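Good morning, everyone, and thank you for making time for this. I would like to walk slowly through one structure, so please have it open as we go.

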Amino acid sequence: MLNVLIIEDEPSYLEALQITLEPEGFAVTPAPDARTGLSAIEANLPDVVLLDLMLPDLSGLDVLRHVRRKSDVPVIVVSAKSAEADIVTALELGADDYLTKPYSSRELVARIRANTRRVVEPEDDVITAGNAVLDPGRYEVRIGEEVFSLPRKEFELAELLMERQGRIVTRETLLDRIWGINWGDSKSLDQHIRRLRRRFEKVEGAPVITTVRGVGYRLEP
Ligand code: CA
């Protein structure tokens, strides 16, 4: 059973989350403010944290900073703040995902599952996402019967997106990790995403790379 810590001060939201999550087999621990939430994490590390941003004592971003100093527990921000800048800041501070209120229960459950999935990587570092298999030894991605030999940057892009499948990867992360700190112009990223998408689209049932406008990309397996 997965333990979900919910740091949320609004009782109606908290109750709605409990009603959604408990029947799905999650054990819910509620925390009505930041300090209670942080003590709960100290006492017993949950499998995932759902974090509101506007809390009565500290801001959710402060909570995130505290948590990240000590732990890499998955944190999903659930907030009414939907501005691009808020989403980017939270992701840069180490949030694994961001869901804006109001959200659909099904999406919430899917995001929790995606963020708590231990990506099982065999020794040769092969990564699987849906019917796609990425093989770093060969710089190849196999999707169903198709085998794509990818140029280096496209391969690295596929690797990062597949590693974090179901989660948002920001443009900044992709540019920093693949192009390095002196990336300058980000048009190249868009071109590579486009090429990768075109390859994936050739195969039925292949993972889909969706654009999270102004923020980044997400590979849906
Ligand atoms: Ca709140």
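Let me begin with a term we will need: a salt bridge is counted where a side-chain nitrogen of Lys or Arg lies within 4 Å of a carboxyl oxygen of Asp or Glu. Please also keep in mind that what you see is a predicted model. With that in place, consider Arg 199, which forms a salt bridge with Glu 154, the closest N and O atoms being 2.5 Å apart. Arg 199 belongs to helix H8 while Glu 154 belongs to helix H6, residues 152–163, so this pair ties together parts that are 45 residues apart in sequence. Glu 154 is buried, because its relative accessible area is 1% and buried means under 20%.

Since Arg 111 lies in helix H5, residues 105–116, and Asp 97 in strand E5, residues 97–100, the pair ties together parts that are 14 residues apart in sequence. Both Arg 111 and Asp 97 are buried.

Asp 97 also has a salt bridge with Arg 218, and here the closest N and O atoms are 3.6 Å apart. This pair links distant parts of the chain, with Arg 218 in strand E12, residues 216–220, and Asp 97 in strand E5, 121 residues apart. Arg 218 is buried, as is Asp 97. If we widen the view, Asp 97, Glu 107, Arg 111, Arg 218 and Glu 220 are linked in a network of salt bridges.

Let us turn to the surface, where Arg 194, Arg 195, Arg 198 and Lys 202 gather in a patch of positive charge. Lys 202 sits in the loop between helix H8, residues 187–201, and strand E11, residues 208–212, and Lys 202 is exposed, with a relative accessible area of 62%.

Finally, which residues are the protein donors of the calcium ion? They are Asp 9 and Asp 52, each through OD, and Met 54 through O, lying 2.1 to 2.3 Å from the ion. In sequence, these donor residues are spaced D-x42-D-x1-M. Asp 52 is buried, with a relative accessible area of 4%, whereas Met 54 is partly exposed, with a relative accessible area of 47%.

Methods: Residues numbered from 1 in each chain as written. Predicted model: local features only at pLDDT ≥ 70, side-chain atom pairs only at ≥ 80, totals over all residues. Heavy atoms only, no water. Donors = N, O, S within 2.8 Å, 3.2 Å for Na, K, Ca; no water. Buried < 20%, exposed > 50% of the residue type's maximum accessible area, 1.4 Å probe, protein only. Patch = residues over 30% accessible without salt bridge, like charges linked within 9 Å, V, L, I, M, F, W, Y side chains within 5 Å. Areas by Shrake-Rupley, 256 points an atom, 1.4 Å probe, with all protein chains shown as cover. Lys, Arg positive; Asp, Glu negative; His and termini not counted. Charge placed at Lys NZ, Arg CZ, Asp CG, Glu CD. Helix = DSSP H or I, 4+ residues; strand = E, 2+ residues; numbered from the N terminus.
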